[in-house]
Each structure stands twice: as C-alpha cells, then as structure tokens.
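Load the model in your viewer and keep the selection panel open. The stops below can be taken in order.

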Amino acid sequence: MTIRPATQQDIPTLAAMRVQQLIDEGDTPNDDLYPRLLPYFEQALADGSLLQLVCEEEGRPVATAAVIYYLFPPSFDDLA
C-alpha cells in the first residue's frame with residue numbers, strides 16, 4: 001500500500017471517487033456533479049487549499065483522504 005499526495009493527473013479519479021462516495025452515503029446521483037468536480041479539484045490542488053491524499057494498492061487507487069483549508073473570520077473566541 002502506498003499513500004501519496006494527489007496530482008493534477010489524479011483529478012478524474014478524485015472526481016469519480018467523490019461521486020461514488022456521495023452515492024454510497026445515500027445521495028441521489030446527478031449527471032451535473034462530475035463535470036463540476038473537475039475544475040474544483042484543479043483549482044484547489046493548484047492553490048493549496050486542498051491537501052488530497054491517494055491510497056494505492058498495487059498501483060490502483062483504492063481510497064482518498066482530504067484536508068480542506070479555509071479561513072474563518074475572527075470571532076469572540078478567536079480574534080486572530
């Protein structure tokens with residue numbers, strides 16, 4: 001098993017796995033989602049707002065994990 005950061009070449013696989021994840025979670029499939037995921041992954045990987053990991057078994061992607069970075073505005077509990 002190998003775990004590595006996703007690259008731009010992984011985007012079609014990431015999009016397909018995201019679609020399958022949502023279906024597995026009980027969402028109703030929609031043909032509009034996959035093409036919208038492609039530019040999302042392209043932009044988020046390029047600008048560093050997404051750290052996507054790909055787990056491969058014998059060179060085949062079998063799982064992914066993600067950390068999405070986004071800024072929160074300051075609050076009373078966190079003035080930063």
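A patch here is made of residues with over 30% relative accessible area and no salt bridge, joined within 9 Å for like charges and within 5 Å for nonpolar side chains (Val, Leu, Ile, Met, Phe, Trp, Tyr). A salt bridge is a side-chain nitrogen of Lys or Arg within 4 Å of a carboxyl oxygen of Asp or Glu. Accessible areas come from the Shrake-Rupley method with a 1.4 Å probe, and for residues only the protein chains shown count as cover.

This is a predicted model: local features need pLDDT of at least 70, side-chain atom pairs count only at pLDDT 80 or more, and totals for chains, interfaces and linings use all residues. Residues are numbered from 1 along each chain as its sequence is written, and side-chain values use heavy atoms, with hydrogens and water left out.

**Surface patch**

Select Tyr40, Ile68, Tyr70 and Phe72. They form a nonpolar patch on the surface, and together have about 490 Å² of accessible area. Phe72 lies in the segment after β3 (60-68); helices (H or I, at least four residues) and strands (E, at least two) are DSSP runs numbered from the N terminus. With a relative accessible area of 63%, Phe72 is exposed (buried means under 20%, exposed over 50%, partly exposed in between; 1.4 Å probe, protein chains only).

**Helix α1**

Next select residues 11-24, helix α1. Its 14 residues reach 20 Å from first C-alpha to last, close to the 20 Å expected at 1.5 Å a residue (the expected span is 1.5 Å times one less than the number of residues). Which residues of α1 are buried? They are Ile11, Leu14, Ala15 and Leu22. Seen down the axis of α1, these fall within an arc of 100°, so they line one face of the helix; the arc is that of the directions from the helix axis to the C-beta atoms. They pack against α2 (33-47), β2 and β3, where contact means heavy atoms within 4.5 Å. Gly26, which follows α1, has a positive phi near 105°.

**Helix α2**

Move to α2, whose 15 residues reach 21 Å from first C-alpha to last, close to the 21 Å expected at 1.5 Å a residue. Its buried residues are Leu37, Phe41, Ala44 and Leu45. Down the axis of α2 they fall within an arc of 90°, so they line one face of the helix. They pack against α1 and β2. On the other side of α2, Arg36 and Ala46 are exposed.

**The β2-β3 loop**

Finally, select Glu58, in the loop between β2 (50-57) and β3. Glu58 has a positive phi of about 55° although it is not a glycine. Most residues other than glycine have a negative phi. Glu58 is exposed, at 81% relative accessibility.
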